[in-house]
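Here are my notes on this one, in the order I'd go through them on screen.

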Amino acid sequence: MVVGPDTLNEVKEEHFDEVEAVLLTAFPTDAEARLVRQLRADGDMLFEFRKSWDGKIGGYYALSRMQAPEGWACLAPMAVRPEWQGGKLAENNPNMEVGGTEDQLYRGPWRFGTRMLQELAQCYEMPTKAIDGKLPETIVVLGKPSFYGRYGFSLQRAQKLSSPYPLEYTLILRRGDDVPVAELIYPQAFPGGSG
């Protein structure tokens with residue numbers, strides 16, 4: 001029996017409208033929805049993933065091609081359907097009664113964002129031969145270090161990068177433990193992000 005959201009799947013054109021609806025409800029403005037449309041139009045979208053439950057997209061994230069360094073990608077945006085954030089779907093699970101509505105044991109598998117990032121991080125823990133050519137060398141994310149750091153993204157390894165965005169919120173996910181020196185040039189669609 002599956003506990004929690006379905007497996008991560010690629011977004012296809014028939015999902016675009018539902019993805020946009022999730023983005024429009026998950027954020028206070030339409031900026032993220034416009035970003036996704038522009039990344040697609042510019043040909044900078046590498047991958048889009050969705051995590052569904054009961055036939056509806058509950059979580060989404062995009063990996064777009066960085067202009068530099070070559071082979072790097074940016075994780076943005078990432079969204080979870082607001083009514084399902086924080087593992088709220090677990091509240092309908094009869095097992096929640098065992099430990100109460102705050103019981104993390106039963107709520108955890110229903111956290112869409114957590115599950116998506118765990119699955120992404122696991123790809124970078126697999127032997128390289130298993131995924132060569134399928135994943136970017138490095139994924140950059142702008143966000144809370146306390147959140148993304150739980151899923152293999154490193155703030156420390158990003159500190160020798162130069163970026164149009166604050167380094168105190170710039171993290172990277174990649175194999176190894178090196179600290180790369182590089183200039184980050186984001187896709188043109190990012191506000192103020194391209195060189």
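This is a predicted model: local features need pLDDT of at least 70, side-chain atom pairs count only at pLDDT 80 or more; totals for chains, interfaces and linings use all residues.

1. On to the largest pocket, which holds about 830 Å³ of space. Its lining takes in 32 residues, and Phe 27, Pro 77, Met 78, Ala 79 and Tyr 148 are the ones nearest the centre.

2. Which elements each supply at least two residues of that lining? They are helix H2 (31-42), S4, H5, strand S5 (138-142) and helix H7 (145-148). S4 gives the most, with seven residues. By class, the lining of the largest pocket splits into 22 nonpolar, five polar and five charged residues.

3. The second largest pocket has about 230 Å³ of space. It is lined by 13 residues, with Leu 8, Phe 49, Tyr 61, Cys 123 and Leu 135 closest to its centre. Strand S1 (8-10), S2 and H5 are the elements that put two or more residues into this lining. The class count here is nine nonpolar, one polar and three charged.

4. Now the charged pairs: the count comes to eight salt bridges. One of them joins Glu 18 to Arg 81, with the closest N and O atoms 3.3 Å apart. That pair links distant parts of the chain, since Glu 18 sits in helix H1 (residues 16-26) and Arg 81 in the loop between strand S4 (72-80) and helix H3 (96-99), 63 residues apart. Arg 81 has a relative accessible area of 13%, so it counts as buried, while Glu 18 at 26% is partly exposed.

5. Lys 51 and Glu 119 make another salt bridge, at 2.8 Å between the closest N and O atoms. This one also links distant parts of the chain: Lys 51 is in strand S2 (residues 45-53) and Glu 119 in helix H5 (residues 112-123), 68 residues apart. Is Lys 51 buried or exposed? Buried, because its relative accessibility is 0% and the cut-off for buried is under 20%. Glu 119, at 21%, counts as partly exposed.

6. There is a network to look at as well: Glu 137, Arg 157, Arg 174 and Asp 178 are joined into one by salt bridges that share partners.

7. Last pair: Asp 30 and Arg 34 meet in a salt bridge at 3.0 Å, N to O. Asp 30 is partly exposed at 34% relative accessibility, and Arg 34 is partly exposed too, at 43%.

Key:
Residues are numbered from 1 along each chain as its sequence is written. Side-chain values use heavy atoms; hydrogens and water are left out. A salt bridge is a side-chain nitrogen of Lys or Arg within 4 Å of a carboxyl oxygen of Asp or Glu. Helices (H or I, at least four residues) and strands (E, at least two) are DSSP runs, numbered from the N terminus. Buried means under 20% relative accessible area, exposed over 50%, partly exposed in between (1.4 Å probe, protein chains only). On a 1 Å grid over the protein atoms alone, a cavity is a set of points where a 1.4 Å probe fits but cannot get out, and a pocket is an open set with protein on both sides within 12 Å along at least five of seven lines; lining residues have an atom within 4 Å of a point. Grid points are joined across faces, edges and corners, and a volume is the space filled by probe spheres set on the points. Ala, Val, Leu, Ile, Met, Phe, Trp, Tyr, Cys and Pro count as nonpolar, Asp, Glu, Lys and Arg as charged, and the others, Gly among them, as polar.
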